[in-house]
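Trainee: I have the model open. Can we go through it residue by residue, then by element?

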Amino acid sequence: MCLGIPGQLVEIISLEEHRAIVEVDGVRREVNIGLVMGDPGGIAVGDWVLIHVGFAMTKIDEEEAANSLAFIKLLGSVYDDEIEQFAAEPELTLAGDDAATAADDKMVRP
Amino acid sequence: MRFVDEYRDPAAARLAVAEIETLASRLVPSGEPLKFMEVCGGHTHTIYKHGIENLLPSTVELVHGPGCPVCVIPMGRVDDAIAVAKRPNVIFTSFGDMMRVPGGSGNLLEAKAQGADVRMVYSPLDALRIAEANPDREVVFFAVGFETTAPSTAVTLLKARERGVTNFSVFCNHVTIVPPLKAILESPDLRLDGFIGPGHVSTVIGNRPYRFVPGTYGKPLVTAGFEPLDILQALVMLLRQLTEGRCEVENQYTRAVTDGGNRKALEILSQVFELRPHFEWRGLGFISQSALKLSPEFADLDAELRFAVPGVRVADPKACQCGEVLKGVIKPWECKVFGTACTPETPIGTCMVSSEGACAAYYNYGRLTKIPVKSA
C-alpha cells in the first residue's frame, strides 16, 4: 500500500476522465492519472510512473522504474501481495450470494 | 560482505560502508553510537531484508520510526470499523493490509467470517465501483495511510460527488507524517542524531515540510529511496553534515522527490480534507493536528457522521510494547512477547501485522542475519 510500484503507461482511455492503462511486470490495470497530469511535460503513453493504490503519483524515468521494480521483487511476499492486489478485479458482487449464482442453482435443479 | 554482493552496485555499497565507518569513528571516538531514525516502514523492511545493520560499524545505530500507517492505527479505530462493517446493509471495503489488524475484539477477517460483508480492495476507486454496482447497499471505504494514499481517497470522494453516488462514504483514518516527527523530537526518552526521511510520502509533500527538523530541533534529515544503497548513501550524507558542522534537509532520492512535492495532490488534499484537532496514534498517544477528516463540504460522505461510529477507546494489551517499538525506544526483539506470544500468524500488536511493521520485518528476515548484541 505504502510502497509505490513502477509501471508504464500503455494506453490512455480518457485524458478528460484521467483514465489510463498501465502495465506492471506484464500485468495491466486501469489507473487514475489525474495527479501526474500537471507534471512538467505532461503525461503520455510510454511514460513511467510510480503507482499507489490505483493512482499514478510520480513520474520517474525508465532506468529508475527498472531498478525499483527489480528491487521490489527482491522483497518477495511484499511484491507478490502487491501485484496480486494490483491484478485483482473488485468484488462487485459477493461470491456465492449474487443473482447469478441463484440462477445457476435453478439451472442445475431438475 | 555477503549481503553487499546482492546489491545492485556492490562497489558503490562497499565505498559507502567504508565512508560511514571513517566518518562515524571521527565523530564519536568514544564509541558511543550515533543514532539515526528511519521514519518509514518501507526503509525498515529494506534494512532487515538486506542485513544493513550488520554492515554498519558499532558507531552507527539505526532506530526504527513510526512510518507504518497500519501500525499506528489504534485498536479502538479497528473496533469502530468492525462496528460499521457489521451493520446490516453495509458493504465494508478495506485495503488487504488492514484485514488482520486486531482491534479490542477481533479483526475484519473475523467479522467477515461472522457474516459481515467485508471486501478487500486495491484502490478506493474500486470501493466506489462497488457502490455504483450496489445502489441499494451502503458502501464504506476504510481509508488509512499517510500522504501517499490520502490523495487517492480525496480524488475518489471528488468522483463520488461528481457522479452523484450517495451510497458511498469514507471512514477516514488518514494521518500526516510531520506531527509524529515533532512528537518524537520532543520525546524525552529518545536521543537521535538525525533522520532518514521517507521516500514515497515525500514524493507527495516534497522536502520542504521537513525544514523544521534542522530549523527548530537542530537535527539533519536526508530523504532516501528504498534500495539498500539509497539508505547507505543517506547515512553518508547525514554523517557528512555532522562532520562538516552543517544541519540541513537534503535529498538523496532526487529520482522521485522534489522540494515542492506533487502540487496537484496537495491541492486536492486541502480541498477535500481538514486537520483533526487531535488523533490517537497507537503507542504515541494523542497528537494534535496529526490526522485528516473530511471537510464540511464533504460531510455527507463521512462514514463517521453517517453511522454514529461508537468511538471505542481500547488500551493496548499490557504485554504489547508496540508503542516503544514505534518510537524507537526499544528494538523489536526486546519486546516481551516478540516471537513468542506475538508472531505474524497470531499478532498481538500492529507492528507484527503489517509487512512494513518493524516487528514483522525483523521476524521475517532479521533473525537470520542478526549478529549477537554488540558488547559495550
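Trainee: Is B:Ser25 buried, exposed or partly exposed?
Mentor: Keep in mind that this model is predicted. B:Ser25 has 14 C-beta neighbours inside 10 Å. Buried needs 20 or more, and exposed means 12 or fewer. The count for B:Ser25 falls in between, so the residue is partly exposed.

Trainee: Which residues does B:Ser25 touch, leaving out those up to four places away in sequence?
Mentor: Start with its place: B:Ser25 belongs to helix H1 (residues 10-27) of chain B. B:Pro57 lies 32 residues away in sequence, yet the C-alpha atoms are 8.6 Å apart. Contact is judged on C-beta atoms, within 7 Å. On that basis B:Ser25 touches B:Pro57 and B:Thr59.

Trainee: What is the bridge partner of B:Leu34 in S2(B)?
Mentor: Strand S1 of chain B covers residues 34-40. Six bridges join S1 to S2(B), and the two run parallel. In S2(B), B:Leu34 has as its bridge partner B:Val60.

Trainee: Which are the edge strands of the open sheet in chain B?
Mentor: The five strands are ordered S2-S1-S7-S8-S9, with parallel pairing. An edge strand pairs on one side only. That gives strand S2 (60-67) and strand S9 (249-251) of chain B.

Trainee: By what angle are neighbouring strands of this sheet turned against each other on average?
Mentor: Direction is ignored here. The average is 25°.

Trainee: In what order do the elements of chain A run?
Mentor: Chain A has three helices and five strands. Of its 110 residues, 36% count as buried. From the N terminus on, the order is β-β-β-β-β-α-α-α.

Notes
Residues numbered from 1 in each chain as written. Chains lettered and ligands numbered in written order. Predicted model: local features only at pLDDT ≥ 70, side-chain atom pairs only at ≥ 80, totals over all residues. Helix = DSSP H or I, 4+ residues; strand = E, 2+ residues; numbered from the N terminus. Pairing = 2+ DSSP bridges. Axes fitted to C-alpha atoms, helices over the stretch in contact; angles between N-to-C directions. Contact = placed C-beta atoms within 7 Å.
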